[in-house]
Amino acid sequence: MNKRRRDDQYGALPWRMGLGVEILLITSRETRRWVIPKGWPMGRLTPAQCAAQEAFEEAGVEGMSDGRVFGHYHYGKRLKNGKVRELNVAVFPLRVTAQLADWPERHEREARWFSAADAADLVAEPGLAELIQNFARLKSGI
């Protein structure tokens, strides 16, 4: 039996203030879709620490998080056997304080900053797009 956790994966929403709220998106390895850094639980790390670790490994950024989940979204992950598993991602905002020139997955992914509006338009998951829009409104005081 396949036990499901409440949060299957933990994701980071890397952000900074530019002319407005900017969001860092990365490309997925296989489909090259725009996504946020995310991954599975890791040992003794808290969910927020897991999200920050994924942001470092996949996007080459470090930052600060208050450790609180901003929201959740769902997506279908294609497994190696070809099946699709529906996953729930808990998203933790990560205010970026450093962007590194070299990081573990630098040669596997592209990382690029977008305005929050453009980032919301580029992601395929409607729930993630809505989270990005809500986060930008909150940070902009709108």
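Let's start inside the fold: Leu25 sits in strand β2, where strands are DSSP E runs of at least two residues and helices are H or I runs of at least four, both numbered from the N terminus. Leu25 is buried, with a relative accessible area of 0%; buried here means under 20% relative accessible area, exposed means over 50%, and partly exposed lies in between (1.4 Å probe, protein chains only).

A word on what you are looking at: this is a predicted model, in which local features need pLDDT of at least 70, side-chain atom pairs count only at pLDDT 80 or more, and totals for chains, interfaces and linings use all residues. Residues are numbered from 1 along each chain as its sequence is written, and side-chain values use heavy atoms, with hydrogens and water left out.

Back to Leu25. Setting aside neighbours within four places in sequence, Leu25 touches Trp34, Val35 and Ile36, and also Glu110, Ala111, Arg112, Phe114, Ala119, Leu122 and Val123, a contact being heavy atoms within 4.5 Å. Leu13 is twelve residues from Leu25 in sequence, and their C-alpha atoms are 8.4 Å apart.

**The whole chain**

Zooming out, the chain has three helices and eight strands. Read from the N terminus, the order is β-β-β-β-α-β-β-β-β-α-α. The radius of gyration is 14 Å, close to the 14 Å that the globule rule gives for 142 residues, so the chain is as compact as a globular protein of that length. That radius is taken over C-alpha atoms, and the rule is 2.2 Å times the number of residues to the power 0.38. Along its principal axes, the C-alpha trace spans about 50 × 35 × 30 Å.

Of the 142 residues, 42% count as buried. Among contacts between residues at least 6 apart in sequence, 69% join residues at least 24 apart. The chain exposes about 8200 Å², with carbon and sulfur atoms supplying 50% of that (Shrake-Rupley method, 1.4 Å probe).

Most residues other than glycine have a negative phi. Arg32 is found in the loop between β2 (21-27) and β3 (34-35), and is partly exposed at 40% relative accessible area.

**Charges and salt bridges**

There are 22 positive and 18 negative side chains, and the centres of the two sets lie 5 Å apart. Lys and Arg count as positive, Asp and Glu as negative, while His and the chain ends are not counted; each charge is placed at NZ of Lys, CZ of Arg, CG of Asp or CD of Glu.

The structure holds ten salt bridges, each a side-chain nitrogen of Lys or Arg within 4 Å of a carboxyl oxygen of Asp or Glu. Here are some of them.

| Pair | N to O distance |
|---|---|
| Arg16 and Glu22 | 2.5 Å |
| Glu105 and Arg109 | 2.5 Å |
| Arg33 and Glu125 | 2.8 Å |

Arg33 is partly exposed at 30% relative accessibility, whereas Glu125 is buried at 7%.

Arg16 is partly exposed, with a relative accessible area of 30%. Glu105 is buried at 10%, and Arg109 is buried at 10% too. Glu105 and Arg109 also belong to a network of salt bridges with Arg29, Glu58 and Glu108.
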